[in-house]
Amino acid sequence: MDIKIGLLVKNRLTLQDVVTASKRLKKGRDVTKNRGLKELSKESREMLESYQHLFYLLQTNPSYLAKLLFSMPQNNCTKFMETVVLTIYNYGTNTREECLLLRLFRHALREEIQRKVDKVQDISTGSPTVIKIVVGYYRGAQGNQNSLKSLLGPLIEQVMEDKELNMNIHPLEVYKAWISKMESETGEATKLPYDVTPQQALKHKEVTDEIENTIKKLVAIIQSFQEKIISSVDKMPYGIRYIAMCLRKDLKEKFPESSEEEIMKAVGNLLYYRYMNPVITAPDSFEIVDLEAGKTMTNVQRRNLGSIAKILQHAASFKIFDSDAKYLASLNACIKSAYIKFMEFFATASNTDEIEEHFNMDEFSDVTMLNKPKIFISPNEICSTHKLLLDHQHEITEGESDPLLEVLSALGPVPEEENDQMLGGEKSTEFGLVLTNKWELNMSDESNTQALFSKTKYLVVDLLRIQRGESLTSVLHTGANKQQQELYRAIHSRRMAEQRGQEEEEDKNAKLSVFDPNDTTIDKLKQHILKNLSILEVHKMVTPTEDYQEILTSIARDICNQRKYRQRRKQDLRMMAATMDRMNKKKKYYGEAVTYYQEYVKACVNNLNKGKKQRKGDKKKTAKYTAQKLFDKKVLVGIDDVHPSTFKAVTIEFSSTDEVGVFEVSGKLGGLNLEKINLVFEDLLQLQYEGISTLKIEDKVTVNVNLLIFLLNKKFYGVE
């Protein structure tokens, strides 16, 4: 149907199409040449379908992209992951794509550990690509930022709001602060030296006492932070916990000789140091705290939070202070105690459900989807992915019969430069690409046994709603009474009406219907079920001697999982509400920021006005010139339809207005007044900033931007 509609639209050629075609003919170009995916031709249609197959295969089979990430040049890996790969999964914006994206993270992590990690400590000392991407994703996407805000936000705000708190434990800084305080209180210069070593500073009791007092406060705050973190393990995003569990398993598998403690330190490096620590040190960068427009965190606030984060990291990695920092030795007891608690927390956090159980999805879930998945991707991203796959196809596929090789063969080479105008738009402009499974069989094709199994379950449920018995076998072979037959006919009629009510043909095609209009009676429904069961029996998916218990068990499992479906929907609704709340706050913040900057700009322009003294009686400043004079000053470049020899007869006048930074420009030509226009000074500055040297006013008068700014500055703002 969409092809028919497209052909009808194509028949309505616009004038622009004709003009474009004629220009191509004049230049000797072939106007029938394929213009990419937008071209309504068989060749373009096949190309579009091949790309739909390609990206569906990449999305649902994570091993391809996982291997590609570590086969391509590593300097491009992170950028490709952050842009193209996340685009392929729509940044995990729904349950299905979040599940698939998490599968990719899992495969990519395993691939990186196998190829790049030589010892357990590499996770902590190096910069693993997958962990970096995973942390960035789960710290900012899908409402997960809100979990960090609720987890750490209140404690961070408490620290920031305490004006008396100063977590300075460096001897030299404490010493200098003490000196400064004494001089301020006495009004006399101290006799103590200003330049001392840390060891010399620590010889003063006042310095050591101040450090000890600060350490006591620091320990109390550290304990409150850790207690909050440990008690909130269930509030952490599932994805970050799942990747922590995978990291733990993969490290055990590759390094079986490593101790549990070493592996848990690596897990802790992910959960605390990479995921939480940056949020504590720079909460304003992750929108954990709400700052008023124009305000920033103070140095004292940053130092306080930095000290807290540093000690927590020492506790997570069990790094105690040695003889080089004896003045901090009293923190070691706190670090040891916190380390034990952190190890227990890391073990608990890295133990969670598997993906299939959490999302209640498996490889056959797409069979029951009502609508086909769609991604938004640009032609540039399509071509770059296509090229990378062709360059590394033998490294990421297994054998000549690999499905990816079949799809790449159908696509052929990457479209050439003049032949890759996808959808007729810019190369960087995204468009919607509906994904389809090349190997997907229609639900009516009963050779697709897994799809047939799912369809049969629905048919059995319909039957058992109307007729019941001791077993499924007895129900299938027992005749229905008149009341049951009438009830089924009523249900069948209602479904037929619903099906006729579907207006969009595409929705019908996208929906994998389990309703068969031919099952007009309950006896025909039973025949349909028995036929399906016989096929499933051949494929050993059901056992007649056990009354088809496999079907009933699967139905029971689906019923049990209904609660999970509801919980997931509620979670999605909460996530959407939280996202809307954050968006509204962000809108308010940006609105306040815009107002703040507008007021600042006005103040700057007002200050320019104050730069030149006004004479008494001046209400409105003006500057009048002949066009010839402006032309001689190079301010005027030219006037359309006016010869330079007549410029002496043209008068141009610049006048200030009641609105700051806006000038009124008027002119006279041989006694005839020209139309007045407004010239905004800020716009001229913007043009100057963008490197635009000339401006055409009212499509007639061309002026030099830089020299016009100089002239206005000199005449109106007193700036030479």
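Which residues in H19 meet which residues in H21? The answer is given under the second heading, after an outline of the chain.

## Overall composition

The structure is a predicted model. The protein chain contains 31 helices and 10 strands. Of its 720 residues, 42% are buried. When contacts between residues at least 6 apart in sequence are considered, 72% of them join residues at least 24 apart.

## The H19 and H21 helix pair

Two packed helices are described by the angle between their axes and the distance between the axes. Helix H19 spans residues 379-391 and helix H21 spans residues 403-411; their axes come within 11 Å and cross at roughly 120 degrees. H19 is therefore oblique to H21, since angles of 65 to 115 degrees would count as roughly perpendicular and those over 145 as roughly antiparallel. The crossing in which H19 passes H21 is left-handed.

On the H19 side, the contact is made by His386, Leu389 and Leu390, which meet Leu404, Leu408 and Leu411 in H21. Sorted by class, the residues of this contact comprise 5 nonpolar, 1 polar and no charged.

## The antiparallel sheet

Strands of a sheet pair through backbone hydrogen bonds, either parallel or antiparallel. Here, 3 strands form an open sheet with antiparallel pairing, in the order S4-S10-S9. Strand S4 (636-639) and strand S9 (694-697) are at the edges; each has a single partner strand, so one side of each lacks a neighbour in the sheet. From one strand to the next, the twist averages 15 degrees.

S4 and strand S10 (residues 701-704) run antiparallel and are joined by 3 bridges. Glycine 638 has threonine 702 in S10 as its bridge partner. Helix H31 (residues 705-717) packs on the sheet, where it touches S9 and S10, and its direction makes about 75 degrees with that of S10.

Leucine 695 lies in strand S9. With a relative accessible area of 21%, leucine 695 is partly exposed, because only values under 20% count as buried. Apart from residues up to four places away in sequence, leucine 695 touches Leu679, Leu684, Leu687, Val701, Thr702, Val703 and Val705. One of these, Thr702, is also the bridge partner of glycine 638. The C-alpha atom of leucine 695 is separated by 9.8 Å from that of leucine 708, which is 13 residues apart from it along the chain.

## Leucine 271 in helix H14

Leucine 271 is placed in helix H14 (residues 260-274). Its relative accessibility is 0%, and leucine 271 therefore counts as buried. Neighbours within four places in sequence aside, the residues in contact with leucine 271 are Met236, Ile240, Ala244, Met276, Phe346 and Ala349. Between leucine 271 and alanine 349 there are 78 residues of separation in sequence, while their C-alpha atoms are 8.4 Å apart in space.

Asparagine 90 is not a glycine, yet it has a positive phi of about 50 degrees. This residue, asparagine 90, is found in the loop between helix H5 (74-88) and helix H6 (95-116). Asparagine 90 is buried, its relative accessible area being 13%.

Lysine 540, also a residue other than glycine, has a positive phi near 60 degrees. The loop that holds lysine 540 runs between helix H26 (522-538) and helix H27 (549-560). At 76% relative accessibility, lysine 540 is classed as exposed.

Methods:
Residues numbered from 1 in each chain as written. Predicted model: local features only at pLDDT ≥ 70, side-chain atom pairs only at ≥ 80, totals over all residues. Heavy atoms only, no water. Pairing = 2+ DSSP bridges. Helix = DSSP H or I, 4+ residues; strand = E, 2+ residues; numbered from the N terminus. Axes fitted to C-alpha atoms, helices over the stretch in contact; angles between N-to-C directions. Contact = heavy atoms within 4.5 Å. Parallel < 35°, antiparallel > 145°, perpendicular 65-115°, else oblique. Left-handed = near helix turned anticlockwise from the far one by under 90°. Nonpolar A, V, L, I, M, F, W, Y, C, P; charged D, E, K, R; others polar. Buried < 20%, exposed > 50% of the residue type's maximum accessible area, 1.4 Å probe, protein only.
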